[in-house]
Amino acid sequence: MSIITDAKKVYGKAVPDFGDFYGCIENWDSIFGNFPPWRQVKKSGLFSKGDRAMGMLCAAKVLADEFARLTFSEQVTVSASEPYLDYVTKALNDNGFWKRMPEFLSRAYALGGGVVKVYAENKKPRLNYIAADRFAPTAWDERDITEGVLESRIRRDGFFYTLFERHGFSEDGCTEVSYRLYRSSQRNSIGNPVLLTELYPDVDETVTYKTAEPMLRYFKPDVSNNIDRSCPLGVSVFSSAADTLKALDVAFDSFGREFVLGKKRIIVPSSCVQTVVDIETGTPKRYFDADDEAFIALKCDEDKDLKITDNTVELRVEEHVAAINALLNILCFQTGLSSGTFSFEGSQGLKTATEVISADSKTARTAKGNKNLVAELIEGIVRSIIAVGIEMGDLSESDDYGILVTMPDGVVIDDNTKIDNNIKLVSAGLKSKLAAVMEVQNCDEAAAQKELDRIAKENRMSADAVDLLTLKGE
């Protein structure tokens, strides 16, 4: 059962009817989890019955992971005014944000979105990551989803509990979170409402934050929703490439079967085949004994009856590799990546930053669009963390927190290019020597200043030596 079905039983018409769309999310989740609808195929052969598992390339997960790496492969810089920066930095580190975010993004790219929830626990900010299939929007505007329902399931003492968490706003405009708990003896039913204290004795049924900042932050990929234009939810990065993913699995399965069906086969004369009776079943079985290395007495009239023929077929490796690479290029075209981003062959070798930008311009544009959304998500999370800090009395409220999220461009620049760029910027007066040394030497400000002082001292010594030689020459 989808969250829409469950949430409508609890909140009624307050939950929009997007049941069909959640059917798509369920399908994307099965493809991402390597259990697509086409995984099982019929066995072939005269006596084969039933189904067999197809060999899977699992390109959907590779694609989602690649999108996560493109948009969150390097440390993001989060800036804010003091003391807010220290508070936010500690909260992010304590919650393992930098470790869990890539996994969250990979799943969000696969399912079309996800939610990061910020809440207070033991007077400290906590983060929770919710997949798209556990979240139902209830209100939204042109910019973002503003209200919604979260669903989590717990099994305890032989019962199945379902906790509903509705995020919205109170009459005075403050963020309000309300909880409802249901209990059932069956897995596929939410059952009947019970007191929240049955599982959470220390949690109030309604929690109000004295802020207008929402405690849930929704993220969706930079892909237009071509399934339901009235739905504010996002779609998977491979939502329009299901046929290509299926074709890739079919080609990969055929590639694996090529080694099974193309294994060595030898044609032997019927006179070389012996018969033996199975002791357990009493049925005769025919076999060719390949271990006989001595004498075998055979009855034959012609020499051709004794001829043993190797009938092994040639493996079509190059054809399969070419077909898979062609399908991978189609997948790149459908998902906004440059041709050749994925390859079934070896590495294409090291490229300079200029070559990467030139060759992967389409990939760079796609990554840039998604990075903007990730930066917006992180900024929202930071604002919610600060709101929790103010609510707990750890921070004071301000009109401007100075929040700035900087995403790296993801282009790896070699050392020579980095040095040349810094020399040009310093010579043009567009960058300080201190900043240039910090970037080139990859050090902090104190170490860079120490290096500059050492350089200045060496330059003075060189100048004094030149002056001394000039005086001696006179």
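Angles between axes under 35 degrees count as roughly parallel, over 145 as roughly antiparallel, 65 to 115 as roughly perpendicular and the rest as oblique. Keep that in mind as you explore this predicted model, where local features need pLDDT of at least 70, side-chain atom pairs count only at pLDDT 80 or more, and totals for chains, interfaces and linings use all residues. Residues are numbered from 1 along each chain as its sequence is written, and side-chain values use heavy atoms, with hydrogens and water left out.

**First stop: two helices.** Select residues 19-32, helix α2, and residues 97-111, helix α5. Their axes lie 8 Å apart at an angle of about 125 degrees, and α2 and α5 are therefore oblique to each other. Now show the side chains: I25, W28, D29 and F32 of α2 meet S106, R107, A110 and L111 of α5 (contact means heavy atoms within 4.5 Å). Five of these contact residues are nonpolar, one is polar and two are charged.

**Next stop: strand β8.** Select residues 159-169. Strand β8 is largely enclosed by the rest of the structure, because eight of its eleven residues are buried (under 20% relative accessible area, with a 1.4 Å probe and protein chains only).

**Last stop: the neighbours of β8.** Find R155, whose bridge partner in β8 is F160. Between these strands is a two-residue link, where D157 takes a positive phi near 55 degrees.

Finish at G173, in the five-residue turn of the β8 and β9 hairpin, with its positive phi of about 85 degrees.

Terms used
Axes are lines fitted to C-alpha atoms, for helices over the stretch in contact, and angles run from 0 to 180 degrees between N-to-C directions. Helices (H or I, at least four residues) and strands (E, at least two) are DSSP runs, numbered from the N terminus. Ala, Val, Leu, Ile, Met, Phe, Trp, Tyr, Cys and Pro count as nonpolar, Asp, Glu, Lys and Arg as charged, and the others, Gly among them, as polar. Buried means under 20% relative accessible area, exposed over 50%, partly exposed in between (1.4 Å probe, protein chains only). Two strands pair if DSSP finds at least two bridges between them.
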